[in-house]
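Me: I would like to go through this structure and ask, for each label, what it rests on. Please set the values against the definitions.

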Amino acid sequence: AGLREALGSRLQWSTSSSKHSSDTERLRVGFVSFDFKNHPATHILLQVFQNFDPSLVEVFVYALNSYQDTWTEKVKTAVRQYRDVSALGLRDTAELVMEDGIHILVDLMGFSVGERLSLFALKPAPVQVAYMGYPGACMHAES
């Protein structure tokens, strides 16, 4: 079954991007964080990234911090695309996420230092979730 059938009605497909048009495409998951460096979250996430089946899932990383170290390099080798968005504004970052055709965008920061939750208010991906960085609800309410 194709990606649309697998996710069913939980995913409203964007018609503005041709990257969302194929039933046989891989799932594109984007992760947003300030901490793709020597940080406990990165130590855990690196294993997550390495265990995705690349024939089924494409992993994109959106780094909110331009700082890089050996852990950053490990992340870069484990994902399909590493994007340093630290110098981009909110709208430019949202446009990049949309251009990348991300199906699921994951916030790893919550209300931590360096967060960019306002990016999620622009709804650059059809499914947006919070993971790891903040244990409570932190997404913007529907208006």
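Me: Which residues of helix α4 are buried, and what makes a residue buried?
Reply: In this predicted model, T93, A94, L96 and V97 are the buried residues of α4, which spans residues 90-99. Buried means under 20% relative accessible area, exposed means over 50%, and partly exposed is in between, with a 1.4 Å probe and only protein chains counted. The helix itself is a DSSP run of H or I with at least four residues, a strand is a run of E with at least two, and both are numbered from the N terminus.

Me: How do you know that the buried residues of α4 line one face?
Reply: Seen down the axis of α4, they fall within an arc of 160°, so they line one face of the helix. The arc is that of the directions from the helix axis to the C-beta atoms. The face turned away from this buried side carries the exposed residues R91 and E99.

Me: What do the buried residues of α4 pack against?
Reply: They pack against β2 (57-63), β3 (81-84), β4 (104-107) and α5 (118-121), where contact means heavy atoms within 4.5 Å.

Me: What should I know about the numbering and the limits of the model?
Reply: Residues are numbered from 1 along each chain as its sequence is written. The model is predicted, so local features need pLDDT of at least 70 and side-chain atom pairs count only at pLDDT 80 or more, while totals for chains, interfaces and linings use all residues; side-chain values use heavy atoms, with hydrogens and water left out.

Me: Which residues of α3 are buried, and how do you know that they line one face?
Reply: The buried residues of α3 are W71, T72 and V75. Down the axis of α3 they fall within an arc of 105°, so they line one face of the helix. On the face turned away from them are the exposed residues T70 and T77. What covers the buried residues includes α2, β2 and β3.

Me: What makes a group of residues a nonpolar core, and which members of the largest one touch the most others?
Reply: A nonpolar core is a set of buried Ala, Val, Leu, Ile, Met, Phe, Trp, Tyr and Cys residues joined through side-chain atoms within 4.5 Å. The largest has 18 residues, and F31, F36, F49 and V75 touch the most other members. At least two residues each come from β1 (27-33), α2, β2, α3 (70-78) and β4. Strand β2 gives the most, with four residues. A second, separate core has 14 residues, including L64, A94, L96 and F120.

Me: Why is the pair R26 and E58 called a salt bridge?
Reply: A salt bridge is a side-chain nitrogen of Lys or Arg within 4 Å of a carboxyl oxygen of Asp or Glu. For R26 and E58 the N to O distance is 3.4 Å, so the pair qualifies. The two residues are 32 residues apart, with R26 in the loop between α1 (3-7) and β1 and E58 in strand β2. R26 has a relative accessible area of 31%, so it is partly exposed; E58, at 5%, is buried.

Me: How do you know that D35 and K37 form a salt bridge, and are they buried or exposed?
Reply: Their closest N and O atoms are 3.9 Å apart, so the pair falls within the cut-off. D35 has a relative accessible area of 12% and is therefore buried. K37 also counts as buried, at 19%.

Me: What separates E73 and K76 along helix α3?
Reply: Being three residues apart, E73 and K76 are separated by about one helical turn. Their side chains meet in a salt bridge at 3.6 Å, N to O. E73 is partly exposed because its relative accessibility is 40%, and K76 is partly exposed at 30%.

Me: How many salt bridges does the whole structure have, and which residues do shared partners join into one network?
Reply: A search of the whole structure finds six. Salt bridges that share partners join R26, R28, E58 and R80 into one network.
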